[in-house]
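Subject: Structure for you to look at

Hello,

Here is the structure I promised. Please open it alongside this note; my findings follow below.

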Amino acid sequence: MFLMPTLLTDTKLFLWVDLEDPTPEEARFVLEEVFHFHPLSIEDCVIESATPKVEEYTPKEGDQFSPYLFLVIHAVDYSRTDGVFATNELNFFLGRNFLVTYHSLPVRGVQATANQCLRSTVHIARAPDRVAHTLLDNIVDNYKPALEELSMEIADLENQVVQNPTKEMLNKIVESKKEVMHLRRIIGPQREVLSRFARGEFKLIRAHLVPYYRDVYDALYQFSERAQGYYDSLTGILQIYLNISSNQTGEVVKLLTIITVITTPLMIVGTWYGMNFTHMPELDHRFSYLLAVVLTLGSTLLTFWYFKKRKWF
Amino acid sequence: MFLMPTLLTDTKLFLWVDLEDPTPEEARFVLEEVFHFHPLSIEDCVIESATPKVEEYTPKEGDQFSPYLFLVIHAVDYSRTDGVFATNELNFFLGRNFLVTYHSLPVRGVQATANQCLRSTVHIARAPDRVAHTLLDNIVDNYKPALEELSMEIADLENQVVQNPTKEMLNKIVESKKEVMHLRRIIGPQREVLSRFARGEFKLIRAHLVPYYRDVYDALYQFSERAQGYYDSLTGILQIYLNISSNQTGEVVKLLTIITVITTPLMIVGTWYGMNFTHMPELDHRFSYLLAVVLTLGSTLLTFWYFKKRKWF
Amino acid sequence: MFLMPTLLTDTKLFLWVDLEDPTPEEARFVLEEVFHFHPLSIEDCVIESATPKVEEYTPKEGDQFSPYLFLVIHAVDYSRTDGVFATNELNFFLGRNFLVTYHSLPVRGVQATANQCLRSTVHIARAPDRVAHTLLDNIVDNYKPALEELSMEIADLENQVVQNPTKEMLNKIVESKKEVMHLRRIIGPQREVLSRFARGEFKLIRAHLVPYYRDVYDALYQFSERAQGYYDSLTGILQIYLNISSNQTGEVVKLLTIITVITTPLMIVGTWYGMNFTHMPELDHRFSYLLAVVLTLGSTLLTFWYFKKRKWF
Amino acid sequence: MFLMPTLLTDTKLFLWVDLEDPTPEEARFVLEEVFHFHPLSIEDCVIESATPKVEEYTPKEGDQFSPYLFLVIHAVDYSRTDGVFATNELNFFLGRNFLVTYHSLPVRGVQATANQCLRSTVHIARAPDRVAHTLLDNIVDNYKPALEELSMEIADLENQVVQNPTKEMLNKIVESKKEVMHLRRIIGPQREVLSRFARGEFKLIRAHLVPYYRDVYDALYQFSERAQGYYDSLTGILQIYLNISSNQTGEVVKLLTIITVITTPLMIVGTWYGMNFTHMPELDHRFSYLLAVVLTLGSTLLTFWYFKKRKWF
Amino acid sequence: MFLMPTLLTDTKLFLWVDLEDPTPEEARFVLEEVFHFHPLSIEDCVIESATPKVEEYTPKEGDQFSPYLFLVIHAVDYSRTDGVFATNELNFFLGRNFLVTYHSLPVRGVQATANQCLRSTVHIARAPDRVAHTLLDNIVDNYKPALEELSMEIADLENQVVQNPTKEMLNKIVESKKEVMHLRRIIGPQREVLSRFARGEFKLIRAHLVPYYRDVYDALYQFSERAQGYYDSLTGILQIYLNISSNQTGEVVKLLTIITVITTPLMIVGTWYGMNFTHMPELDHRFSYLLAVVLTLGSTLLTFWYFKKRKWF
């Protein structure tokens, strides 16, 4: 750690310092005393929940730091916890011959890049802008499983809604919708940040590496398009769910109506001839009961046929 | 195949290489060893599901390739499978005296252009920017049948919904809506790509060909306008469907109410005179049954007339 | 017709050629052999259903045409057929000393302009940019009756919906909404085209005529604002319609409930004392029937009063 | 009136001509013969229902007018008639030493400004750009009462909807929504016009007056923000209205169900023991009627308690 | 107070004047006679309910003031009153060696900054642009508790809606939605204002302080993103609420239908054998009552089983 100041003076070398959950003293030592970064970028780095952004710091008279890019990026965690994408903030200080990464939680993209660096020192490890690209590429790649999981979850929801919509499903749909919008809001500013790299805005990124950054930008663009597609799907699922649920009430009312209408002839006849008037000549006729039976059965069958014809059941 | 390097040195000639589902070795040989394309464009070419885009590659010191445009375009397949537009990715490498097309599935636009080239060598085949235009024109033309099919499907849906809305129709409408939005998202970035050609941004496309590219752009613009029109139609159909479905429940409730109200007088009289009180003077009167019949029939007809007047049936 | 080539050489004169539904040979002769227009603009002119647009063609080495503007504009037909605005495509070739108009159907704006030209040769007929303005002005003016008709139709719909909403009305509302959006999509690109004239972008339009073109643009702007207003009105009408329709079901259910609740006391008493238990002391009391009558009437009036108080009818 | 030409030649003086509903001859005389305005601006001035706009006219060779701004602004009338904001068109011709205002109806802002001019000749009356600012300020100020009235109307609606929603209220809400959108569409283009003044685009407005125009722009900006707020409120009120109305139907159905369920035990017992079978041993038992009474009352109380527990009433 | 004019002449010193609810005379004295601010900025400062904005005033010939920025910012109050965020307007006059703040109510951010100034004179108090930054930072920080409270309120609402939705909840949801939109409309123009600082547009803010202003801008950006997230949550909650409420009616109808259907067999049998025909052979059979009991019970159990199978309860 105390070698860093001397290493930095050697312009042939390139230094990558990864600070994973450092103590405040470590952070202060590296960021302030070794690299002399601008106090504002240090503050943004140390506090959590910063917006993804990129800022160019060029030294003014009296400043001890060499020009660098300060970059805040959000990595997305694969195993979503509590139905919300867990995002890890990752801070970059990218200079001409150094790269400082700072994160309070282990980020898989960083580990993967470190491995790649150790394995193939020739290709990547020579320049900080190359390593930074590999890091960004790995981090953006890690969005894929999160999107896949979301995709599967939505397909699941769609099947369940069509087959057997329950009350709990609405919560799930609304929850997924919120997640997708959250994801889009995560991707949005990062796309913005990377579009600045893709346009080759920064001199610290050498021109022949710009297409590589554009590639990362393209991936992010595609992810946000996919997220938009998920959003549309969920809107459709919600519409189907609400309609099925309203259709069910319609079916229940239909059943009630059918039962009421079909039993109506019987009820009319039954109630009417249950009256106790002394003079009800029909009651004493021999075949009047038979007639009542026939009449009742007949009109019941008639209403039955009527409903059948109108395809009520 | 081994003639290509020599053919390329002849600046008078123009070479079109079409790679249809090549083996990795073939692809590597052509793209890397013959044309020495930038590794990033080769990677974008070989992987699938890239976003439509156009990138200009100009050689820097040490690069072996001559300047070229790298273009990713999505062709749409006519016979839609599984209710989703099948899109085939088509990659272009467009240089001053060469055109390399790469696709993993047969694309009809490519076949059509090849035929046109063989037939009329004079007009098209002389320059890569002309062939590229013909290719793009053919591919964009292939969107037409897909749009036609969609248009007919929507007209069908509209008729069915108005005549006899069933539960399955909602799924179809939502599905079609998703398709249309998918189509718009396919067309969107391609329009973006072609607008750059139409503005004459690239020097590899000769100025007098720019109006031709603008024509392809116009066609895409119109397609996306039509897709927007389809979307509006489907929103209208959905609204009609949901309303018809809610109207049906309203009708069922109406029927229930009519039956209940119409039988109410009879039920009142019938139930009332079914009581077994010893002292019910009306029961023994001579004409009280007749009166009951008249009263019941009268009020039934009255409610009947009331509903008729309010146009309930 | 064979005079045209000679007429064109006279730079003092100005030639307006109106091709109304010409045969392919006529079109080819005029567009290709007399004026030598760019093949692409000829193609766009001859095919139908092109997007409104304006393109500037400046001759390059070897081109035989003099600089001209190619303009596609959609005229709207007054008597709308089948609930859809009929649009007629009108193509302009506007040069320094010629104006060629091409349309397959008679356009009233063209006829009107021709009449104006014949009547007042001094003011308009001298220059192609003046005639073109008059043409555009006449065509845009023809949107007014279409908008008026739409406006009246919407006012009609509003009245009908509030007074007596029927099932067919929903279709009409949705249909009108689609029409209005269609109209906006027609006006949109034309406004775009005319805004380029209004900004004085083209050198073929003399500076002192630009305010006149700006005037046409203003009219189109106002039309699209009015169309937006119609759209809002229709959204409001739809909301009222859907609410009235749902209110009706609510009223029906209310009626059902009122009838059921009001007859309940009678049904309870009637059914209860219709029982045939041997030991029902109440049945034999002298005034128990009277009591039953009073009780039933009393509670019926009570429920009646209750509904009256809660303003159910 | 005939002094105007001579007055205009005196460059020290400033002339404000207000044409309120002039005869065509008066208008022609002032606009054409005294000021020689561009015929297009005269036409826009005379016809009604022009869009708010500002146009700069600079004389070209042969034009007799001095440079001027032509401005169309809509004043809003306080006492809204027929639920629609009445707008009065006000046309300005603003030159270096003259201001011509033209309106067919009396506009209070003009009257107020005239009074201010007469009272304090020093401050305002000296320059046309100052008077124009005062005029615009007064006109924009007159939007305030209209907004206040709208605000009160919306607060009223909100109270009424929460307390006692009637069927007529929906019409009112939809009507108010349309009004607010209409108002926003009125304010929109005027804001656009004034933003051009606020940016100091016109040389006829002296630089030190630009902040004053920016002030008028700020007021318009705030008004359109408030209109947006009203729109959101009305959307919320509509949602509450629709929900209350659907809740009422729910309540009615609840009542129906409660009555039906509560009377069910009595109906079962009553109907069952009304049967006339010869062998119904229960009928002759001594305490069976008592049992029936107890059973019926018991289950009725049970259902009653059940509904109470589930908080149905 | 009378020292101010003399203090101002000392260019080494920096003067911060805080006017908290001054009398009109005080305000006039400081703003007009000491600093000679532009009358328009004084007016904007004194009136209430101005839009957040920043304006640069540079003295012209005859003006007595030195260049300054006029800034209107809205502070948000922590303890929201009446369900609406209370905003306090805070006006800044920021010059090279002075800062005048004007507010009619006590603003906590101002108090906090004053304390910071008194405590650490070295860091902040030296320059007006530093103090202004600290002020803005403190004010923007005060948005946090308001956002936290809103966040908790929304979480509360969500829980209540899922557990026990009452009628009052709809009002609360709609109210919260309005609040969130109000908050977004408050933040919006302030973000706009601060983005101009963050871009380093003003010369009065020294270049090395621009990143600090960018930091304040970032915070506002994040707040408006969070507000957007709250809005989405509330839309989801509303959807769940409306669905639960419609589901409840569905449940009620289900109960009604179940009761009706289950009692139907008993009603049929009971009503039918309550008829008084003389010749009803079934009535006199020995086991016919038993049969009736068995039949009724059987079909009742059957319907019961049917509903159980279809999971109606």
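Chain B and chain A bury about 4100 Å² between them, and 63% of that lies on carbon and sulfur atoms. Buried area here is the accessible area (1.4 Å probe) that two parts lose on being put together, summed over both. On the chain B side, B:R185, B:V252 and B:Y289 lose the most area to chain A, together 17% of what that side buries.

Before going on, some ground rules. This is a predicted model, in which local features need pLDDT of at least 70, side-chain atom pairs count only at pLDDT 80 or more, and totals for chains, interfaces and linings use all residues. Residues are numbered from 1 along each chain as its sequence is written, chains are lettered from A and ligands numbered from 1 in the order in which they are written, and side-chain values use heavy atoms, with hydrogens and water left out.

**The interface**

The contact (heavy atoms within 4.5 Å) takes 51 residues from chain B and 46 residues from chain A. Only 18% of the interface residues of chain B are also interface residues in chain A, so the copies meet through different surfaces.

There are five salt bridges between chain B and chain A. A salt bridge is a side-chain nitrogen of Lys or Arg within 4 Å of a carboxyl oxygen of Asp or Glu. One of them joins B:E55 to A:R214, with the closest N and O atoms 3.2 Å apart. Among the elements of chain B that each supply at least two residues to the side touching chain A are α3, β2 and α7 (167-198). α8(B) gives the most to that side, with 16 residues. Helices (H or I, at least four residues) and strands (E, at least two) are DSSP runs, numbered from the N terminus.

Chain B has an open sheet of five strands, in the order β1-β5-β4-β3-β2, with mixed pairing. Two strands pair if DSSP finds at least two bridges between them. β1 (15-20) and β2 (53-57) of chain B stand at the edges with a single partner strand each, so one side of each is left without a neighbour in the sheet. β1(B) and β5 (residues 98-103) of chain B run parallel, joined by six bridges. In β5(B), B:L99 is the bridge partner of B:W16.

Best wishes
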